[in-house]
Amino acid sequence: MSDTILEISGLTKVYAGGTKALDNVDLSIRKGEIFALLGPNGAGKTTLIGAVCGIVRPSSGTITAFGHDLSNDWRKARARIGLVPQELSTDMFETVWRAVSYSRGLFGHPPDKARIEEILRSLSLWEKKDSQIRELSGGMKRRVLIAKALAHEPELLFLDEPTAGVDVELRKGMWEQISALRERGTTIILTTHYIEEAELMADRVGIIRGGKILMVDDKAAMMKRMGTTEAVFQLAEPLSELPASIAEFPVSLTDDGKELCYRGGDGSGSGSEQVAALTKALIAAGIDYRGIDIHDSSLEDIFVDLVSAREEETA
């Protein structure tokens, strides 16, 4: 039996006026994974989430969640999906307890004080249960949105920029909460501008730009295939050309021969091994250097390179 719980095929959304927000998107989400959807502003991330959650009506394509076609059987599927929106959209004069309890009832679940208490405690909101939402800090308000989304115990949870506007300390706390949700079996799809979040938590990563999915892959495989190691050697004396023993490496001279730049390897660590071999070759060739600056590609580097390359192709 397939472990796919969400299947999106040929999904397209064209708004009035002709703006194409989604362009023939295909995407499969596996049960129990954390999937990070990365893309610049206006890439189509929020529109894609809205289409799955019934907020946006697609122009064409199909969405199947938990075996239900969302075009004609959306109620059964939607009851198993939670959404934490990017915008703080809730009644600011309602108390935390009543807001979260009301969200549970919206999906037909009977009152369950113990479950609501469990959710509020897990998000460090228990002490604020009787506070009006307007009295809370920005980070606490965002936690309330997560609590509301969890109230009906969804199996698939969308987090649209969950840590936007949240300070570093609260952001780390929310990362821990997201990891805990996954451990309980919740499948999570998140969009984020903080690419370190995807690098830290995601099992798979999708990159979207201009409404099109550019790439979807396991994070580790993506890092290995597209990652590189960069090393810059500050040479003690400028070089006008490279000896044959050094030219065998993927290197070039920059800054009028004062620097030797290496770029190669992959995300598996082979680049670091080559840099070590290069340093031995430099010593053997009698080339002295004052320092080395080594940098391994991050997921953000890969994202920027990929998006920039597609922008150049379409320019």
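Reader: Why are α3 and α4 called oblique to each other?

Author: The model is a predicted one. In it, helix α3 (residues 96–106) packs against helix α4 (residues 113–122) at an angle of about 120 degrees. Roughly perpendicular covers 65 to 115 degrees and roughly antiparallel starts over 145, with the rest counted as oblique. The two helices are therefore oblique to each other. Their axes lie 11 Å apart, and the crossing of α3 and α4 is right-handed.

Reader: Which residues of α3 and α4 meet?

Author: From α3 the residues are Val96, Trp97, Val100, Ser101 and Arg104. They meet Lys113, Arg115, Ile116, Glu117 and Leu120 of α4. By class, this contact of α3 with α4 holds five nonpolar residues, four charged and one polar.

Reader: What makes β6 and β10 edge strands?

Author: The open sheet has six strands, in the order β6-β7-β8-β3-β9-β10, with mixed pairing. Each of β6 (81–84) and β10 (212–218) pairs on one side only, and these are the edge strands. From one strand to the next the twist averages 15 degrees.

Reader: How do you know that β6 pairs with β7?

Author: A pair needs at least two bridges found by DSSP. Four bridges join β6 to β7 (residues 156–160), and the two strands run parallel. Within this pair, Val84 stands opposite Leu159 of β7.

Reader: What joins β3 to β8, and what joins β3 to β9?

Author: Four bridges connect β3 with β8, and these strands run parallel. Ala36 stands opposite Leu190 in β8. Four bridges also connect β3 with β9, again running parallel. There, Phe35 has Arg204 of β9 opposite. Both counts meet the requirement of at least two bridges.

Reader: Why is β3 described as mostly covered?

Author: A residue is buried when its relative accessible area is under 20%. Five of the five residues in β3 are buried, and the strand is described as mostly covered. Ile34, Ala36 and Leu38 point one way, Phe35 and Leu37 the other way, and all are buried.

Reader: What makes α1 mostly covered?

Author: Seven of the eight residues in α1 are buried. These are Lys45, Thr47, Leu48, Ile49, Gly50, Ala51 and Val52. Helix α1 (residues 45–52) lies across β3 (34–38), β6, β7, β8 (187–191) and β9 (204–209). Gly54 follows α1 and has a positive phi, near 80 degrees.

Reader: How does the direction of α1 compare with β7, and that of α5 with β6?

Author: Helix α1 runs at about 150 degrees to β7. Helix α5 (residues 138–150) lies across β6 and β7, and runs at about 170 degrees to β6.

Reader: What are the totals for the protein chain?

Author: The chain comes to 11 helices and 14 strands. Buried residues make up 45% of its 315 residues. Of the contacts between residues at least 6 apart in sequence, 68% join residues at least 24 apart. The C-alpha trace spans about 80 × 45 × 40 Å along its principal axes.

Note on methods. Residues are numbered from 1 along each chain as its sequence is written. This is a predicted model: local features need pLDDT of at least 70, side-chain atom pairs count only at pLDDT 80 or more; totals for chains, interfaces and linings use all residues. Side-chain values use heavy atoms; hydrogens and water are left out. Axes are lines fitted to C-alpha atoms, for helices over the stretch in contact, and angles run from 0 to 180 degrees between N-to-C directions. Angles under 35 degrees count as roughly parallel, over 145 as roughly antiparallel, 65 to 115 as roughly perpendicular and the rest as oblique. A crossing is left-handed if the near helix is turned anticlockwise from the far one by less than a right angle, and right-handed if clockwise. Contact means heavy atoms within 4.5 Å. Ala, Val, Leu, Ile, Met, Phe, Trp, Tyr, Cys and Pro count as nonpolar, Asp, Glu, Lys and Arg as charged, and the others, Gly among them, as polar. Buried means under 20% relative accessible area, exposed over 50%, partly exposed in between (1.4 Å probe, protein chains only).
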